[in-house]
Amino acid sequence: VLSALHLSHYDLVLMDLQMPELDGLEAARRARDEFPDSDVKIIAMTANAMSGDEERCYEAGMDDYLAKPVKLEQLSRVIASNFGSQYVH
């Protein structure tokens, strides 16, 4: 994720919390530290939703949170709430 952000601008990152090498929380923290002026939206995604996960995601700098399996209407709602309804088709 961090390498990709160094190479190109992204409007949206769907960040899994459980990744090899670096978990999503730490990746989000580093992204916010390394790109403080970026307007990229980071949306957390996890299959193992546990109590407190959502709060930890916001504390790490994520903009929203989705539990897997993600339904299209949930993803559309999150995109609309972060970018406006004109981006949801």
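Q: What makes two strands a pair?
A: Two strands pair if DSSP finds at least two bridges between them. Strands (E, at least two residues) and helices (H or I, at least four) are DSSP runs, numbered from the N terminus. Five bridges join β1 to β2, so by the rule of at least two bridges they pair. The two strands run parallel. In one of the bridges, leucine 12 has lysine 41 in β2 as its partner.

The model is predicted: local features need pLDDT of at least 70, side-chain atom pairs count only at pLDDT 80 or more, and totals for chains, interfaces and linings use all residues. Residues are numbered from 1 along each chain as its sequence is written, and side-chain values use heavy atoms, with hydrogens and water left out.

Q: Why is aspartate 53 called buried?
A: Buried means under 20% relative accessible area, exposed over 50%, and partly exposed in between (1.4 Å probe, protein chains only). Aspartate 53 has 10% relative accessibility, so it counts as buried. Its place is in helix α3. Contact means heavy atoms within 4.5 Å; not counting residues up to four places away in sequence, aspartate 53 touches Thr46, Asn48 and Tyr65.

Q: What makes lysine 68 partly exposed?
A: The relative accessible area of lysine 68 is 33%, so it falls in the partly exposed class. Lysine 68 lies in the loop between β3 (64-67) and α4. The peptide bond from lysine 68 to proline 69 is cis, with omega near 0°.

Q: How do you know that the side chains of lysine 68 and aspartate 16 make a polar contact?
A: A polar contact is a pair of N or O atoms within 3.5 Å; within protein, one must be able to donate a hydrogen and the other to accept it, and residues adjacent in sequence count only if both atoms are side-chain atoms. The distance for lysine 68 and aspartate 16 is 2.7 Å. Leaving aside neighbours within four places in sequence, lysine 68 is also in contact with residues including Met45, Thr46 and Ala47.

Q: What makes a set of residues a nonpolar core?
A: The set must be buried Ala, Val, Leu, Ile, Met, Phe, Trp, Tyr and Cys residues joined through side-chain atoms within 4.5 Å. The largest such core here has 17 residues, and Met15, Ile42, Cys57 and Met62 have the most contacts inside it. The elements that give two or more residues to this core are α1 (2-7), β1 (12-16), α2 (24-34) and β2 (41-46). α2 gives the most, with four residues.

Q: How do you know that the buried residues of α2 line one face of the helix?
A: In α2, Gly24, Leu25, Ala27, Ala28 and Ala31 are buried. Seen down the axis of α2, they fall within an arc of 165° (taken over the directions from the helix axis to the C-beta atoms), so they line one face. What covers them includes α1, β1, β2 and α3 (53-59).

Q: How do you know that the span of α4 agrees with its number of residues?
A: The expected span of a helix is 1.5 Å times one less than its number of residues. For the 12 residues of α4 (residues 72-83) this gives 16 Å, and the end C-alpha atoms are 16 Å apart, so the two agree. Just after α4, glycine 84 takes a positive phi of about 105°.
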